[in-house]
Amino acid sequence: MKDQPAEPPQMRAQPFTMEHWGLTLPDVDATPETAYGPLDEQEQRLLAEAHRAVDNARTARWMLGYSLEVVRRRRLYRGDGTRTWEQYLNQEHDGLSTSEADRLQKTWRLAQTVQKELGRPLPDSHLRKLHPYAERTSDQEAARAYAELYWAHQEGGVRLVATQVQQRVKKAVAAAKGVSDPAERSQAVSAAWTTAPEPVMPTQRTETKPELGGKPSRSSDPVDGALELLNVARQAIENATEDKAARKTRSGEEAQRQQDAIRRIGRILSKVKVDADATHDAVLVDAHAGDEDGIVDAELVED
């Protein structure tokens, strides 16, 4: 009897493919002459399809946490009966660390709840900053609070970034220090979030142009552009310092070198002064008003 040919391996299910996507490339690129004014109905539909990819990627992130929890709790990772959880993560998830897998399992419920509350998934960087708030209250309370903060920024015409979420969470969580009763702790955190000072809500710099009838528009000041880049760099450094895998392999000497470099940059920036033309009755702004150790508050030194 001839050996039966081995069946080819089956592809994994593909939940989001080009076949399911309604976005197509044009034959000819649009130009300012052919595409101007508000988007028409078809263009709005195409833009919505483009946004589907972003939302799908963020949704897939918390769905990964959900699937990891199912595989772990049902012990589906065992394969032939001998494979361990760590081996499964290494083989099936391209070496995903156990610490990151744990984080994904701990946060997927919050991400799902926020998505239901907000109507769209939140960035993973926001999820990490929001999680301590949910731990001290509930996923529902954290989702409600985040949605309010998100829409407040939208109405103000500014983008909510992870550092703003972190600042507000820190202020709220600090109110629960020393409170042992879970219910009282949750109330204290929620109250602190609600009454948090508004400086965490960034103000949008505007200038008035008479030819536009006095309507405000975004400032074109290059200093503002540089500050935006600086804020992005700060967020990148903060995210990098939270990388537990890197921290495990980092020596104390390397950590000190990195910390010294950050402080040195902070000291240089603290000496920068922004001048304005005297004809505008502007004052000299001293950038030294910030943290004397620099603008970056990152914990790179190992404990």
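**Aspartate 94**

I looked up aspartate 94 and found it exposed, with a relative accessible area of 75%. For these entries, exposed means over 50% relative accessible area, buried under 20%, and partly exposed in between, with a 1.4 Å probe and protein chains only. The model is a predicted one, where local features need pLDDT of at least 70, side-chain atom pairs count only at pLDDT 80 or more, and totals for chains, interfaces and linings use all residues. Residues are numbered from 1 along each chain as its sequence is written, and side-chain values use heavy atoms, with hydrogens and water left out.

Aspartate 94 sits in the loop between H2 and H3. I noted its positive phi of about 50 degrees, although the residue is not a glycine. Arginine 75 also has a positive phi, of about 55 degrees, and is not a glycine either. I placed arginine 75 in the loop between H1 and H2.

**The chain as a whole**

I took helices (H or I, at least four residues) and strands (E, at least two) as DSSP runs, numbered from the N terminus. The protein chain has 10 helices and four strands. I read the order from the N terminus as α-α-α-α-α-α-α-β-β-α-α-α-β-β. Of the 303 residues in the protein chain, 27% are buried. I then turned to contacts, meaning heavy atoms within 4.5 Å. Among contacts in the protein chain with a separation of 6 or more, 63% are between residues 24 or more positions apart.

**H2 against H3**

I checked how helix H2 (residues 85–92) packs on helix H3 (residues 98–118): the angle is about 90 degrees and the axes are 10 Å apart. That angle makes H2 roughly perpendicular to H3. Axes here are lines fitted to C-alpha atoms, for helices over the stretch in contact, and angles run from 0 to 180 degrees between N-to-C directions. The class limits are under 35 degrees for roughly parallel, over 145 for roughly antiparallel, 65 to 115 for roughly perpendicular, and oblique for the rest.

On the H2 side I listed Trp85, Glu86 and Leu89, which meet Thr98, Ala101 and Gln105 in H3. By class, this contact has three nonpolar, two polar and one charged residues. Nonpolar covers Ala, Val, Leu, Ile, Met, Phe, Trp, Tyr, Cys and Pro; charged covers Asp, Glu, Lys and Arg; the others, Gly among them, are polar.

**Aromatic pairs**

Rings of Phe, Tyr and Trp (its six-membered ring) pair if their centres lie within 6.5 Å, and planes under 30 degrees apart count as stacked, over 60 as edge-to-face and the rest as tilted. By this rule I have seven aromatic pairs. Tyrosine 77 and tryptophan 85 form an edge-to-face pair, at 5.6 Å centre to centre and 65 degrees between the planes. Tyrosine 77 is buried at a relative accessible area of 8%, and tryptophan 85 is buried at 11%. I also recorded one aromatic cluster formed by Trp62, Tyr66 and Trp108.

**Nonpolar cores**

I defined a nonpolar core as a set of buried Ala, Val, Leu, Ile, Met, Phe, Trp, Tyr and Cys residues joined through side-chain atoms within 4.5 Å. The largest has 27 residues, of which Val114, Leu130, Tyr133 and Tyr146 touch the most other members. The elements giving two or more residues to this core are H3, helix H4 (124–136), helix H5 (139–155), helix H6 (162–174) and helix H7 (182–194). H5 gives the most, with seven residues.

Histidine 131 lies in helix H4 and is buried, with a relative accessible area of 14%. Not counting residues up to four places away in sequence, histidine 131 touches Lys106, Thr107 and Leu110.

I placed threonine 59 in helix H1 (residues 41–73). Threonine 59 counts as buried at 14% relative accessibility. Beyond neighbours within four places in sequence, threonine 59 is in contact with Gln115 and Pro121.

Alanine 192 is in helix H7 and counts as buried at 13% relative accessibility. With neighbours within four places in sequence left aside, I found alanine 192 in contact with Lys171, Ala172 and Ala175. The C-alpha atoms of alanine 192 and alanine 176 are separated by 8.9 Å, with the two residues 16 apart along the chain.
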